[in-house]
Amino acid sequence: MNGPTALPPWLPTAPCTPGRCTAHPDGPGTGPDPGAGPLRAAARLAAGTAAVLLGVLLAPAAALLPPAARPALVRLWTRTVVRAFGVRVRYEGSPAAPGPLLVVANHVSWLDVPLLAAVLPARMVAKAEVRHWPVLGLLAALGGTLFIERDRLRALPGTVRAMTGVLAAGGRVAVFPEGSTWCGRERGRFRPAAFQAALDAGCAVQPVRIDYRPADAAAYVGDDPLGASLWRVVTTRRPTAEVRLMDPLPSGRHPDRRALAAAAQRAVARRETTRHETTRRVPAQRAVASDSANLSPSSVHQRASSRPAAASSSRTPS
């Protein structure tokens, strides 16, 4: 693997790196599973890979199904993929009513994509490099991913217009507005460009918060190889993803894209005030009441340099 290359100054970056962010224990019973052993880890890896390949094989046939039937198939497949890798999922909240919707979420891992698709199937926005990834690139293209050339600032308005077209036609678009993966203990600023599509299409924005327990297992940051990230997930004891669907934000209540982006970021960053708060639940999934245990009281980055790592946005979906 080549070393990090210089990135244009406008690209979002995060200070998260594998050595700094993927080896911090989150409490007893959450690290590598000594009882699982390499055989169970290999079985999880094989099952997850097989589930992904099954999606590639079935994608052409799925395209022949009526449009109304495809979301249910996508939800079933993505839940199968995540569970095959050994990850347990807890959803909280309710998805917005059918219709055009811009879905925005914090970005921690490659797992974020199937987790979102399992509850809110949408056309993803990803960096153009993803198109050339083995297997996953083909799957992304077949799924209608909107690819963005992040190193070409002039291409951004065209991507926003493409997003607006999907939303105006009644579709859903999902984007990670931080523009790079963060470790989960810290989060990046929501970039406003994507929110212009919601304003232009006059549709709502649904913020989604994704947390992992333990956070270090799922984090896919910096120049972390995908193989290393996969192995970390399958060798972790009881990895859990918690996905919180916040109340949709009507775009018309905000004067511009910056205000709308800030409102979505506040919604994602908001903590629960009580472990017994009543929550709405997604069917067939058990809700969780609080995520306070998932967040360290002091950020790992408080002990690190504030200089962004150049490779942090060059390896991860945007």
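**Before you start**

The model is predicted, so to speak of local features a pLDDT of at least 70 is needed, side-chain atom pairs count only at pLDDT 80 or more, and totals for chains, interfaces and linings use all residues. Residues are numbered from 1 along each chain as its sequence is written, and side-chain values use heavy atoms, with hydrogens and water left out.

**Stop 1: a salt-bridge network**

Select R90 and E242. These two form a salt bridge, with their closest N and O atoms 4.0 Å apart. The term salt bridge stands for a side-chain nitrogen of Lys or Arg within 4 Å of a carboxyl oxygen of Asp or Glu. R90 sits in strand β1 and E242 in strand β7 (residues 240-245), so the pair ties together parts that are 152 residues apart in sequence. Helices (H or I, at least four residues) and strands (E, at least two) are DSSP runs, numbered from the N terminus.

Is E242 buried or exposed? E242 is buried, with a relative accessible area of 1%, while R90 counts as partly exposed at 26% relative accessibility. Here buried means under 20% relative accessible area, exposed means over 50%, and partly exposed lies in between (1.4 Å probe, protein chains only).

With 25% relative accessibility, R213 counts as partly exposed. Salt bridges that share partners join R90, R213 and E242 into one network.

Next, pick R209 and D211, whose side chains meet in a salt bridge of 2.8 Å, N to O. R209 is buried, and D211 is buried too. How many salt bridges does a search of the whole structure find? The search finds six.

**Stop 2: two backbone details**

Stay with R213 and step on to P214. The peptide bond from R213 to P214 is cis, with omega near 0°. P214 lies in the loop between β6 and α8 (215-218).

Then go to R238, in the loop between α9 (226-234) and β7. R238 has a positive phi of about 50° although it is not a glycine. As background, most residues other than glycine have a negative phi, and most peptide bonds are trans. R238 counts as partly exposed, at 45% relative accessibility.

**Stop 3: aromatic pairs**

Show the rings of F85 and W110. Their centres are 5.5 Å apart and their planes are at 75°, so the pair is edge-to-face. Rings of Phe, Tyr and Trp (its six-membered ring) pair if their centres lie within 6.5 Å; planes under 30 degrees apart count as stacked, over 60 as edge-to-face and the rest as tilted. The pair links distant parts of the chain, 25 residues apart: F85 is in the loop between α3 (70-84) and β1 (88-92), and W110 is in the loop between β2 (101-105) and α4 (112-117). Both F85 and W110 are buried.

Now select F190 and F195, which form a stacked aromatic pair, 6.4 Å centre to centre with 25° between the planes. F190 and F195 are both buried. The count by this rule comes to two aromatic pairs.

**Stop 4: two strand residues and the surface**

Find F147 in strand β4 (residues 146-148). F147 is buried, with a relative accessible area of 17%. F147 and V125 are 22 residues apart in sequence and 5.9 Å apart in space, C-alpha to C-alpha.
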